[in-house]
Amino acid sequence: TEVKKLYYFDKLDKLISLERDSRKFKYFDAKKCTTKWKSNESGAHQGTVICAEYIPSMELLATTANDNSISFWSTEEGFAFKNRISTPEIQLCARWSEKVKSLFTGGCDSVIHAYDPSPDNCKEVNRTEAYNVLVGDEKRSGHSGEIMDILVIPELDKLVSCGMDKFICFWSLDRLELKKKLEGHKKGVYTLEWAEEIASLFSGGIEHDVYIWNPFVADKIFMLKGHNHSLVKIKYLTGTNQLITADISGRVRVWDVRTFTTIQTFNVPLNEVHSLEDIPPPKKNLVGGKRLLFYDYDEPTDTNLTDDESCLCILY
């Protein structure tokens with residue numbers, strides 16, 4: 001079965017794997033790479049699991065599925081099923097904000113929903129306005145297509161979303177008010193990544209290029225070119241000034257964000273790649289498709305040196 005999504009949660013120290021047409025999810029010990037199956041318990045999902053998000057303060061794992069529901073699992077009790085919320089449409093992505101204590105989701109209804117996952121008060125608490133086809137483009141609020149990915153940026157008090165309508169939207173965390181809409185993509189956007197160290201937003205999707213944005217500037221500041229197929233994932237490797245991107249054909253590129261240049265390219269031996277994840281402590285990159293492949297990476301231990309080994313050539 002193909003791996004469709006991979007999630008590594010640092011505070012949980014577990015890798016969550018979602019597979020095609022599966023009502024179950026796998027969880028791995030991130031360091032030992034040992035696997036355990038999660039059974040589909042009574043009252044849990046009756047459809048394919050689509051995405052997952054960890055809620056550290058409540059020790060819950062939230063999963064969405066195509067049965068129009070969000071299920072909550074206790075990570076403290078071995079991923080025991082705890083609760084379930086019905087959703088108006090299929091939710092394709094989810095992000096937790098510790099600052100406002102809300103689980104944000106987005107999906108096929110082009111609306112961002114905010115949920116309170118507390119066991120004694122599990123309900124929807126806010127949502128953005130649905131797209132109105134009778135209102136002109138200039139006055140349109142939010143997305144008009146499926147929302148594919150969302151990010152929480154606590155230092156900016158913003159929620160960022162992208163979708164198949166080619167737009168990237170910035171929302172206020174507390175009230176879900178639209179603050180800014182970034183335009184530039186010509187086709188649907190699948191994935192977002194935020195690099196706090198350089199205060200930059202990265203986006204990619206059906207187009208083959210990575211767009212780089214400054215959240216305070218309306219237009220993109222740069223584009224990374226090099227892929228020949230649609231991008232499936234973008235990951236920033238914290239503390240390394242490196243960005244890693246993967247496209248559906250299996251081409252993986254590593255970029256230096258200081259110079260916006262490629263520093264490494266390799267091909268994954270899979271027919272199709274669907275997901276990419278990074279595990280910082282063991283320094284591993286994971287690529288998911290028909291198989292789950294692990295790639296080790298390293299970096300200079302002394303930040304004042306170009307490399308740990310002797311330089312062979314210097315170009316000016």
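How many bridges join strand S14 to strand S15? Five bridges connect S14 (residues 158-163) and S15 (residues 168-172), and the two run antiparallel. Strands here are DSSP runs of E with at least two residues, numbered from the N terminus. The model is predicted: local features need pLDDT of at least 70, side-chain atom pairs count only at pLDDT 80 or more, and totals for chains, interfaces and linings use all residues. Residues are numbered from 1 along each chain as its sequence is written, and side-chain values use heavy atoms, without hydrogens and water.

Lys158 has Ser172 of S15 as its bridge partner. Both strands belong to an open sheet of four, ordered S13-S14-S15-S16 with antiparallel pairing (two strands pair if DSSP finds at least two bridges between them). S13 (147-153) and S16 (178-182) are the edge strands; each has a single partner strand, so one side of each lacks a neighbour in the sheet. From one strand to the next, the twist averages 20° (axes are lines fitted to C-alpha atoms; angles run from 0 to 180 degrees between N-to-C directions).

The largest nonpolar core holds 27 residues. Such a core is a set of buried Ala, Val, Leu, Ile, Met, Phe, Trp, Tyr and Cys residues joined through side-chain atoms within 4.5 Å; buried means under 20% relative accessible area, exposed over 50%, partly exposed in between (1.4 Å probe, protein chains only). Ile16, Phe25, Leu61, Phe72, Phe79 and Leu103 have the most contacts inside this core. Strands supplying at least two residues each include S1 (3-9), S2 (14-19) and S5 (49-55). S5 gives the most, with six residues.

Phe222 lies in strand S20 (residues 222-224). Phe222 counts as partly exposed because its relative accessibility is 36%.
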